[in-house]
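Welcome! Here is a short briefing to read alongside the sequence and the 3D view.

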Amino acid sequence: MLQKIVRLFIALIFLVGGLSLGYTVRGISWLVSAPLFLQVALVILPGFVFALLGFSLAPWITRKFMQLADWIEKKLQKMPLSDLLGAAIGLTIGLIIASLLGFSFARVPLIGSYVGVFCSVLFGYLGLSIGYKKKEELLSIFHLFPRLGSRDREKGAAKVKSARLYKILDTSVIIDGRIADICKSGFAEGILLVPEFVLKELRHIADSSDQLRRNRGRRGLDILNKMRKELEVRVQICDRDFPEIAEVDSKLVRLAEELDADIYTNDYNLNKIAELKGIQVLNINELANALKPIFLPGEELTVQIIKDGKESQQGIGYLDDGTMIVVESGKQYINQHIAVVVTSVLQTAAGRMIFAKPKFNDSRTLTEVDAIG
């Protein structure tokens with residue numbers, strides 16, 4: 001029922017447009033003296049044709065309109081509130097200026113009626129663009145007003161401030177690539193900022209004569225393109241630079257201080273420097289270590305012995321997440337899957353190490369035990 005009403009409404013709009021076109025054509029000087037039936041036909045015929053056209057195109061128009069509305073809604077949902085407020089304030093100011101100028105030129109012959117439309121389009125666009133780019137300065141005006149609340153409002157402001165909007169990506173975390181998987185899973189919030197000087201460093205690495213560095217740089221650029229095109233997370237390029245600072249790490253810290261942003265990094269030194277400056281650091285390696293499964297002494301698991309260890313008769317294996325397992329008397333099982341029992345777990349700066357011993361003291365492998373069972 002609703003679709004029929006919308007279709008008739010679109011056909012009605014086209015009918016009015018066709019009648020207006022026919023009435024305009026009828027007003028041509030050499031048609032004024034035409035017979036009455038011809039004048040009526042010139043008005044009704046375009047309206048009838050346009051109504052049929054609108055009725056036929058209504059489903060397509062409705063579908064395209066819904067797609068456009070859905071696209072706009074998704075874009076607006078991704079935009080932070082500060083961006084929306086800045087753009088809205090700028091657009092309002094631009095339209096006010098355009099209205100004042102249009103009113104001033106309204107009585108000018110010939111062009112007066114068109115000046116208002118031109119000013120509305122021009123100043124509306126300028127206001128929208130400038131308001132979006134200068135949102136921080138526009139929204140800072142509200143801080144000039146006295147606070148109506150005391151302690152409760154300060155607590156609320158502190159909570160809002162703690163949830164920072166911008167997350168700055170370091171070169172190391174882009175090359176690492178796991179940030180794309182984190183964004184895909186939906187755990188990355190806010191706007192991911194990639195400074196221009198980080199992109200410059202990536203391009204420099206990608207153009208290196210060393211093949212390993214060149215591959216790392218190209219991988220980082222591919223990861224960024226994937227994040228911008230395929231993922232829902234919003235990635236922005238920040239052109240703010242600090243020519244007086246030579247080191248990229250120092251530039252990242254300065255940018256984070258100015259924008260009140262967090263930093264994604266895998267760099268240990270940058271991590272410590274940022275923490276000294278009071279900047280929150282999101283370290284991918286620390287996140288990966290926190291997500292590794294915890295094994296307690298006495299638990300059993302299956303592992304493939306890859307190589308011998310440093311100590312005599314030790315064997316080394318790895319879990320799927322890269323955790324190293326040192327197996328006592330495991331050297332004899334190299335290239336075999338065996339059942340082991342965890343004896344202890346050691347947490348180091350490089351990660352977690354698990355010490356274990358074979359579940360069976362004889363030389364039986366896991367395949368042989370399964371066959372016996």
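In helix 10 (residues 196–206), the buried residues are Phe 197, Val 198, Leu 199, Leu 202, Ile 205 and Ala 206. Buried means under 20% relative accessible area, exposed over 50%, and partly exposed in between (1.4 Å probe, protein chains only). Helices (H or I, at least four residues) and strands (E, at least two) are DSSP runs, numbered from the N terminus. This is a predicted model, in which local features need pLDDT of at least 70 and side-chain atom pairs count only at pLDDT 80 or more, while totals for chains, interfaces and linings use all residues. Residues are numbered from 1 along each chain as its sequence is written, and side-chain values use heavy atoms, with hydrogens and water left out.

- Among the elements that cover the buried residues of helix 10 are strand 1 (166–169), helix 8 (171–176), helix 11 (211–230) and helix 12 (248–259).
- Strand 2 and strand 3 also belong to that cover.

**Nonpolar cores**

- The largest nonpolar core has 42 residues, and Leu 169 and Met 227 have the most contacts inside it.
- A second, separate core of 13 residues includes Val 303, Ile 325, Val 327 and Ile 354.
- A nonpolar core is a set of buried Ala, Val, Leu, Ile, Met, Phe, Trp, Tyr and Cys residues joined through side-chain atoms within 4.5 Å.
- Beyond its neighbours within four places in sequence, Leu 169 is in contact (heavy atoms within 4.5 Å) with residues including Ile 174, Leu 192, Val 198, Met 227 and Tyr 264.
- In soluble globular proteins, nonpolar side chains tend to be buried together.

**Cysteines**

- The structure holds zero disulfides, a disulfide being a pair of cysteine sulfur atoms within 2.5 Å.
- Cys 183 sits in helix 9 (residues 178–185) and is buried, with a relative accessible area of 8%.
- Not counting residues up to four places away in sequence, Cys 183 touches Ala 188, Leu 192, Met 227, Leu 231 and Val 233.
- Between Cys 183 and Arg 234 there are 9.6 Å in space, C-alpha to C-alpha, although they are 51 residues apart in sequence.
- Cys 238 also counts as buried, at 11% relative accessibility.
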